[in-house]
Amino acid sequence: MSLSIKDDEIDIVIGALRPDLTSFMNEWRTIFSRFHLIIVKDPDLKEELKIPEGFNLDVYKKPDIDRVVGTSTSTIFSGYSCRYFGYLVSRKKYIISVDDDCYPAKDNKGILVDAVAQHITNLTTPATPFFFNTLYDPFTEGADFVRGYPFSLRSGVQCALSCGLWLNLADYDAPTQALKPEERNSRYVDAVLTVPARTLMPISGINIAFNREVIGPALLPSLRLGGEGKFRWETMEDIWSGMCVKVVCDHLGLGVKTGMPYVWRNDRGDAIASLRKEWEGVKLMEEVVPFFQSVRLSREATTTEDCVAEVANVVKEQLGTKDPMFARAAKAMLDWVKLWKSVGSST
Amino acid sequence: MADPATISPATLLKDELDIVIPTIRNLDFLEMWRPFFQPYHLIIVQDGDPSKAIKVPEGFDYELYNRNDINRILGPKASCISFKDSACRCFGYMVSKKKYIYTIDDDCFVAKDPSGKDINALEQHIKNLLSPSTPFFFNTLYDPYRAGADFVRGYPFSLREGVPTAVSHGLWLNIPDYDAPTQLVKPLERNTRYVDAVMTIPKGTLFPMCGMNLAFDRELIGPAMYFGLMGDGQPIGRYDDMWAGWCTKVICDHLGWGVKTGLPYIWHSKASNPFVNLRKEYKGIYWQEELIPFFQSVTLPKDCTSVQKCYTEIAKQVKAKLGKVDDYFNKLADAMVTWIEAWDELNPSGASKSSDLPNGASK
């Protein structure tokens, strides 16, 4: 952990899609207990939450969400999107968020991975999006920029987003996992790297961290699949949000890193059942990816909120007519910017 | 399609791959590589004094070229091949008749993976070249075609076939490939991190290509692998592979081919003298500030449908835009044209597949 980062600059936001968080919280205790936690209960979840003692936390449930944003708006926080409420009400500089079915992983030496520390390291060291370093993260111990790396690019840019990975159950889509039901990710890749500028990738929400002060409004609940469900195989909300974030970061000259830390993702759900129920998300990406690859923001968009609003307008114009889901997403993005300005901004 | 894991790739490409090695001293390092290299044909390009005899260990099938051979074969065009610099290795690419090239430095040895097993670098390069690349969208689990990995959620299915891989860029344990200033500041730093990944470098992104442990599809991208004018009589050194890498990447991006980086690792044993390096590199260090924006902004017209056409176009732009940085770039641009002429002379189309893509006019 960087000595210059104080623990009270960090919020850990957990979206609770299942009521019993006992084993989840206990597994993470040694890593989480020094930080403030925001737990947001999926408003659709009926059962009471079970949370073990000994944590510094705030829990938000449906009535709380209703009170802050109004009952009509609170529907945007259903399912996996409940965590965005946590992002909204947090006032910390850094947010780390993991799914509630993930435990700490062990590295190649069998040592428990402190995912929080690694995310914070990623966010507080520069990113290098303009030229690829073949030894990956040049700021890590034992590495550096290689021969041929221009010196003017070696100070890098601020890192706004840190995307972690998953051992065991990887974040595959339902068709892929259904085809390879026994496949588990056992490869621990000891690297962090910057995703190059203008390169897009699927940003998974399962294990993610960001600088809320710099990029907060760009992580947003907007795209909701018709059959969206309570398994990641049945959602695309994070992938959509991640595309927006990357486009905004590229425009504002901010960096996005990917790689470590790993979390251990527990087996859950049935890929075939999810596939039968929801294949729409998979088809969608055929439109979504070329669209985001073509988005160019204007010179006047100099704040994250402005960027998000611009993306929303382009979504409305270019995708809105193709599918009402996109039109709804565009509206949700614009509503989010307003919500962020009224509720999310620090006074 | 047969699982590449069940067919030994060594058997698969034995007659389709040449190993190109530049050397000025000796080839003792080949002893360590014998189990992996012996089935293959070697092309040795002898740099420096041609009267010196290079001893090749017994049992290897090879051809050896020294400066006299290069002059004899290329005549006046030999001026494009560097003298007293390992950049001369690209002569080996030109005279090869194989589909694939693997090039390695003579101070690179077999590395061990974390389990202690010897790494067959050639086998991994072949795996990299024979499986597709994915330059249009980044896969967060890296190479999706490796055993135990796949495309992640959100990766469009239409992009999952990938594109042909033109280049496989390997890495190095022990002595890292740092520039002179970094070497001076960190003389004791050793790369001990084994990163178990191969990944495609995204389209539109440049990288520093190191020629120490490099493989490529010669039929696809060979003509772009010109290692420039370095060494004797030239103002710069240690930018040969960088130059080839930037040209290659721009052309691969234009023609829709992939460049991979990551595994395999080799063990780099010799740290070159940083003061000597500094003198060689020093112009490059500030020239590259001009070179990078140049390569980042190069656009190739649609009618550049072959590597040669792309390369000639880049040479034109080098002269137009970099000539004013230093007269060296005028000479380099001319040398680039000479290289293509020499390449085409030694590799008449029909013999090699390095010709236009479908829909382009053939030569």
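In this predicted model, about 5,000 Å² is buried between chain A and chain B, with carbon and sulfur atoms giving 56% of that area, where buried area is the accessible area (1.4 Å probe) that two parts lose on being put together, summed over both. On the side of chain A, the residues that lose the most area to chain B are A:Phe132, A:Arg147 and A:Arg187, which together account for 17% of what that side buries. The contact (heavy atoms within 4.5 Å) takes 58 residues from chain A and 62 residues from chain B.

Ten salt bridges are counted between chain A and chain B, a salt bridge being a side-chain nitrogen of Lys or Arg within 4 Å of a carboxyl oxygen of Asp or Glu. One of the salt bridges joins the side chains of B:Arg160 and A:Asp173 (2.6 Å, N to O). Among the elements that give two or more residues to the side of chain A that touches chain B are strand 6 (159-168) and helix 9 (280-294) of chain A, and helix 9 of chain A provides the largest share, five residues; helices (H or I, at least four residues) and strands (E, at least two) are DSSP runs, numbered from the N terminus.

Leaving aside neighbours within four places in sequence, A:Trp240 is in contact with residues including A:Ser222, A:Val288, A:Phe292 and A:Met333.

Residues are numbered from 1 along each chain as its sequence is written, while chains are lettered from A and ligands numbered from 1 in the order in which they are written. Local features need pLDDT of at least 70 and side-chain atom pairs count only at pLDDT 80 or more, whereas totals for chains, interfaces and linings use all residues, and side-chain values use heavy atoms, with hydrogens and water left out.
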